[in-house]
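Here is a short report on one protein chain. Please look over the sequence and the model first.

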Amino acid sequence: HFPSKAPMAADRPPDYQAVPEAPTFGEGTYAPDEQQRIQELLNSKLGREHLATRQGPGGQKLTYVEGNVALELANEVFGFNGWSCSVLNLDKEICEQDNRGHWNVAYSAIMRVQLRDGAFHEDVGFGFNKAPTMHEALERAKKTAVTDARKRVLRIFGEHLGNCVYNKQHVKEVARGGRGGASGFQSRSSP
């Protein structure tokens, strides 16, 4: 049995100290120098060490930020405890078995990323997977949708969290071997 209230003054031991109530996430503040550091990082573009490429529709080369890199960058910019993300909605869009017995599953996810000062953005992501078992297709499609939504919402905060991959000139410069205006930031997984 736990008491529902702090002990009355007469019942407290002499060394009792009240524990201050924990602040609610999203109600914090940034010191001016911290806010400036964050803004400078967000304004800096990513270099090639943070970007990946893959083949897209029609043989087009797509440049993107991998999910684990996006998390690492967000922790670097906001601090490990300076941001949080929440899945607001996760919808199954497709779940069907094809004539070869493979499962085609697609999910959409709506994600919110909130900063410690209460600022937040939301965006949607999509995940599709084709697998021999429904379980495998469901798991991968859900994870892909959530990761895609997180990356898409983080990019809204600035260039350093992936928005720079939508700048064709920057992507071309990075592809030619330039740093593309990237900051001196080095990821922990970078060489």
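A52 pairs with Y64 of β2 through a bridge. The model is predicted. Strands β1 and β2 run antiparallel, and four bridges join them. Together they form a hairpin with five residues between the strands. In its turn, G58 has a positive phi of about 65°.

## The largest pocket

Both strands also matter for the next topic. β1 (52-55) and β2 (61-64) each supply at least two residues of the lining of the largest pocket. So much holds also for α2 (67-78), β5 (120-131), α3 (134-155) and α4 (168-175). Which element gives the most to this lining? It is α3, with six residues.

The largest pocket has a volume of about 1000 Å³. Its lining counts 30 residues, and the closest to the centre are R54, L62, T63, Y64 and V65. By class, the lining has 13 nonpolar, nine charged and eight polar residues.

Strand β3 (residues 83-97) pairs with β4 in the antiparallel sense, over 13 bridges. The hairpin of β3 and β4 has five residues between the strands. There G101 takes a positive phi near 90°. C95 has V105 of β4 as its bridge partner.

Strand β4 spans residues 103-115 and holds Y107. Is Y107 buried or exposed? Y107 is buried, because its relative accessible area is 6% and the cut-off for buried is under 20%. Leaving aside neighbours within four places in sequence, Y107 is in contact with L90, D91, K92 and E93, among others. Its contacts also include G125, F126 and G127, as well as L138, A141, K142 and A145. C95 lies twelve residues from Y107 in sequence, and their C-alpha atoms are 9.0 Å apart.

## F120 in β5

F120 has its place in strand β5. With 41% relative accessibility, F120 counts as partly exposed, because that class lies between the 20% and 50% cut-offs. Not counting residues up to four places away in sequence, F120 touches R112, V113, Q114 and F157. F120 and C85 are 35 residues apart along the chain, yet their C-alpha atoms are separated by 9.3 Å.

## The chain as a whole

How many helices and strands does the chain have? There are four helices and five strands. Along the sequence, the pattern reads α-β-β-α-β-β-β-α-α.

The chain has 191 residues, and buried residues make up 35% of them. Among contacts with a separation of 6 or more, 63% come from residues 24 or more positions apart. The chain exposes about 12200 Å². Carbon and sulfur atoms supply 51% of that area.

Definitions and conventions:
Residues numbered from 1 in each chain as written. Predicted model: local features only at pLDDT ≥ 70, side-chain atom pairs only at ≥ 80, totals over all residues. Heavy atoms only, no water. 1 Å grid on protein atoms, 1.4 Å probe; cavity = no way out; pocket = protein on both sides within 12 Å on 5 of 7 lines; lining within 4 Å. Points joined across faces, edges and corners; volume = space filled by probe spheres on them. Nonpolar A, V, L, I, M, F, W, Y, C, P; charged D, E, K, R; others polar. Pairing = 2+ DSSP bridges. Buried < 20%, exposed > 50% of the residue type's maximum accessible area, 1.4 Å probe, protein only. Contact = heavy atoms within 4.5 Å. Areas by Shrake-Rupley, 256 points an atom, 1.4 Å probe, with all protein chains shown as cover.
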